[in-house]
Amino acid sequence: MSFLDHIARCNNVDLRHFEPWFVGTERAGFIHRDFASVLAAKPDLFTHRKQGWYFAGHLDAPTKRTAAMRSFLLELRAQGHFKGLWREEPYAVTWEFSRPPLMTMERAAVPWFGVRAYGPHMTGYVRKKDGLHIWVPRRSRTKPTFPGELDNTVAGGQPAGIGLLDNLIKECGEEASIPPELARQARAVSYVSYWNQSGAQLKPDIMTCFDLELPEDFTPRANDGEVESFELWPVQRVFETVRDTNAFKYNCNLVLIDFFVRHGLLRADDPDFFAIAAGLRQTQPGFP
């Protein structure tokens, strides 16, 4: 196990099995060949041409597309798709975060359409006399995704209609009982990106990395049931756990590796330094 192994695990896509999906002239995502038959069964919404999938052209406004997509996804849910992961949480469909969304769609469906998802991931750390420490949460063992695994101090997906910082402040309160006035001190410091495939699902995602230096006398507390517990670990223990194990949720490793690079724990003379630094911000050939 190594840092490069975590980067490779997050970037396991084989794009030969996917075709691009367009809304008008803009690429919105990617469709796996094993999911294509689901779209083909709905020709009033999806057409296939020129080695790509196209959303209905007569739906010429984001609100119209959103309504049509929701109806379609509700049909799929009734047929047993999404396996209980439906959240009633709309995500923006946009390849660039700063651009207006082409539509919104249910979070659970996003990876089936290869839509890029975003979200804030924060490392909460404490400076002590013996060095840096990081607050490490363990995910609830009842969560439907990655139960019991270690996580970033605070993290969450990015719903439509809210900014990254405001979303982080909200997640800080919900997940760790960090008050808004303290959470607002978090600083956006970097980002990581990856292309992860799980069967017919694709996550070409971008996570914005935040750092928050917490007071030594502050202890995060689980609030919404998504976190089982928090422990304050010396940074070297976090470093070694990420480097040597799969204890952390797979994409959270990248956020912590980025923290290690920025805080000088991974030195420039490490033989893997340049491969690690480049690997944290992956692109695919022809697909920025």
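How far apart are aspartate 258 and arginine 262 in helix α7? I found that they lie four residues apart in helix α7 (residues 252-262), which means a separation of about one helical turn.

I note that this is a predicted model, in which local features need pLDDT of at least 70, side-chain atom pairs count only at pLDDT 80 or more, and totals for chains, interfaces and linings use all residues. Residues are numbered from 1 along each chain as its sequence is written, and side-chain values use heavy atoms, with hydrogens and water left out.

Entry on aspartate 258. I looked up its partner and found a salt bridge to arginine 262 at 2.6 Å, N to O. A salt bridge is a side-chain nitrogen of Lys or Arg within 4 Å of a carboxyl oxygen of Asp or Glu. Aspartate 258 is buried, at 2% relative accessibility, whereas arginine 262 is partly exposed at 31%. Here buried means under 20% relative accessible area, exposed over 50%, and partly exposed in between (1.4 Å probe, protein chains only). I also recorded a network of salt bridges that links Asp211, Asp258, Arg262 and Arg281.

Entry on arginine 139. Its side chain forms a salt bridge with aspartate 151 at 2.8 Å, N to O. I found both arginine 139 and aspartate 151 to be buried.

Entry on glutamate 213. I found its side chain in a salt bridge with arginine 127 at 3.4 Å, N to O. Glutamate 213 is partly exposed at 38% relative accessibility, and arginine 127 is partly exposed at 48%.

Entry on the total. I noted a count of 17 salt bridges.

Note on methods
Helices (H or I, at least four residues) and strands (E, at least two) are DSSP runs, numbered from the N terminus.
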